[in-house]
Structures are given as structure tokens and as C-alpha cells.
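Subject: Handing over the model

Hi,

Here is the structure I promised to send you. Could you open it alongside this message and read my notes with it on screen?

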Amino acid sequence: MNAPPTIRAVPSNKWDELLPYMERLLRSSGTGGTPHFSASRDRDVYDKAFNDRLRTQLALPLERRGWIRLWVATDGNEVLGHVDLRASDRLADAHRVLLGLGIDKKHRGRGLGKLLTQYAIDWARENNFAWVDLAVFTQNTVAVELYKKLGFVQTGFYVDRFRFEGTSIDEFTMSLDLRQTP
Ligand SMILES: CC(C)(COP(=O)(O)OP(=O)(O)OC[C@H]1O[C@@H](n2cnc3c(N)ncnc32)[C@H](O)[C@@H]1OP(=O)(O)O)[C@@H](O)C(=O)NCCC(=O)NCCS
């Protein structure tokens, strides 16, 4: 159970295997002691158009805008968590990548979030990107602290960014400058 996990890239043709994990993760947002962390909590993870686009994005080379790269930490066949990096559709911010992160509820608090985030940071640095950006809800204190520990600094603050059943959520944007020496 606590053996070091394997981290592996998820290619386009393996995306669908992650859907049950993704559904579990999204549905945990704002329930059972987990703070809200995603605006997509109620998204249909099996939506065909969404998944067709995502598979296309996973297959895009880094030279094309809109690419996504995704890695999972696994223990045998079990997906423990994931991290993803994505490019925007614009050429003018091709030096930046946007990070997403999630750990399956029963595997949180054992260092996997930190491990996967550091893995993505190292990949972005090796591939000569200048910045890693992310957005995080302000009350998701575990995530905010994790990102700070890895060197991210707050760059923005959205008041009342989302509302879930009448609860207003603020959001930080944070960035890591990869042009500094590690
Ligand atoms: C936020 C999340 C990714 C953290 O992943 P994790 O694997 O549980 O975190 P780690 O075990 O790697 O811990 C990283 C740091 O978080 C903090 N942390 C972890 N669990 C904590 C807890 N229960 N209480 C307080 N701080 C905690 C610690 O600062 C820890 O650093 P340390 O190892 O130096 O003590 C995970 O809780 C998660 O998936 N949450 C739901 C999805 C989510 O919020 N994604 C991020 C959206 S921006």
C-alpha cells in the first residue's frame, strides 16, 4: 500500500480508463469534508464531445496550441492521483503552462500531491517553459499550502469567483517562475 507509486504519462488512447477515477474525484468536491476545489463538480465525465476533444489534446505535439499532458500515480492498476499541464489556445502565452491536480480521497495526505506537482514542475522546466500557473479556491488550504511549499506565489485574487448552492467561493491564481534556478 505504501510502496513508492509509479508515475506514468497517460496517452490519448488510455484517457477513457481514467474516467471512473475522474468522476470520483470531481464528485468529492465540496462533500464529505473535502472543500470545494472544482467548478466542474457536476460535469458529465462521460460526455462524448468533451472526451473526444481531450483525447485530441493529449495527442497534440507541444508545438501545437491547446496540447495537454497528463500523468498518474498508480499502485498496480489503481489510480491514486493525477497531475496535468495544459497550454492555452494562444500563441502569445506559449511560454506558460496551466497545472491541474487531484488525489483520490483515500490516498490523500501521504505525499502524492507534492510528488506529482514536483514531477510536473520538473517536466515543464525540462521542456523550457517559463511559468507554471494555477488557480486554487482560497478555502482549499491544503492545496494552497502545498503550492506555496513548492515555490508558487500568489498572483491574483478573484472575489466571489464561483457560487455553489449559494456559497460564494474566492479564488487565488498562483504562479511558479521556472526562470529561477531550481
Ligand atoms: C490538495 C491535494 C492535491 C493534496 O494532495 P495530498 O497528496 O493529500 O498532499 P500531500 O500529502 O502531498 O501533502 C502536501 C502538503 O499538504 C499539506 N497537507 C497535506 N494533508 C494535510 C492535511 N490533512 N491538513 C493540513 N495540511 C495538509 C502539508 O503541508 C503537506 O506538506 P508536508 O508534506 O511538507 O507536510 C489533495 O488533498 C486533493 O486531491 N484534494 C482534492 C483536489 C484538489 O484540491 N486539487 C487541487 C485543486 S487546485
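This is a predicted model: local features need pLDDT of at least 70, side-chain atom pairs count only at pLDDT 80 or more; totals for chains, interfaces and linings use all residues.

Residues are numbered from 1 along each chain as its sequence is written, and side-chain values use heavy atoms, with hydrogens and water left out.

The ligand

The ligand sits in the largest pocket. A pocket here is an open set of points on a 1 Å grid over the protein atoms alone, where a 1.4 Å probe fits, with protein on both sides within 12 Å along at least five of seven lines. To sit in a pocket, a molecule must have more than half of its atoms within 2 Å of the pocket's grid points. The elements that each give two or more residues to the shell around the ligand are β4 (96–103), α3 (112–126), β5 (131–137) and α4 (141–149). Helices (H or I, at least four residues) and strands (E, at least two) are DSSP runs, numbered from the N terminus. The largest share of the shell, five residues, is supplied by α4.

There are 19 residues around the ligand, and those that come nearest are I103, G109, G111, N140 and K149. A residue counts as near if one of its heavy atoms lies within 4 Å of the molecule. By type, the shell divides into 10 nonpolar, five polar and four charged residues. In this grouping Ala, Val, Leu, Ile, Met, Phe, Trp, Tyr, Cys and Pro are nonpolar, Asp, Glu, Lys and Arg are charged, and the others, Gly among them, are polar.

One is 2.7 Å from a polar backbone atom of G109. For the side chain of K114, an N or O atom is 2.8 Å from a ligand oxygen, and for the side chain of N140 the distance is 2.7 Å. The protein covers 71% of the 930 Å² of accessible area that the ligand has on its own; accessible areas come from the Shrake-Rupley method with a 1.4 Å probe, and for residues only the protein chains shown count as cover.

Buried residues

S38 is in the loop between α1 (19–27) and α2 (48–59). It counts as buried because its relative accessibility is 12%, where buried means under 20% relative accessible area, exposed over 50%, and partly exposed in between (1.4 Å probe, protein chains only). A polar atom of the S38 side chain lies 2.9 Å from the backbone nitrogen of S40.

I121 belongs to helix α3 and is buried, at 2% relative accessibility.

E171 is part of strand β7 (residues 167–177) and, at 6% relative accessibility, is buried too. Its side chain and that of R161 are joined by a polar contact of 3.1 Å. Such a contact is a pair of N or O atoms within 3.5 Å; within protein, one must be able to donate a hydrogen and the other to accept it, and residues adjacent in sequence count only if both atoms are side-chain atoms.

Backbone angles

Most residues other than glycine have a negative phi. D160, not a glycine, has a positive phi of about 60 degrees. D160 is found in strand β6 (residues 153–164) and is partly exposed, at 29% relative accessibility. E165, also not a glycine, has a positive phi of about 45 degrees. E165 lies in the loop between β6 and β7 and is exposed, with a relative accessible area of 67%.

Best wishes

Technical notes:
On a 1 Å grid over the protein atoms alone, a cavity is a set of points where a 1.4 Å probe fits but cannot get out, and a pocket is an open set with protein on both sides within 12 Å along at least five of seven lines; lining residues have an atom within 4 Å of a point.
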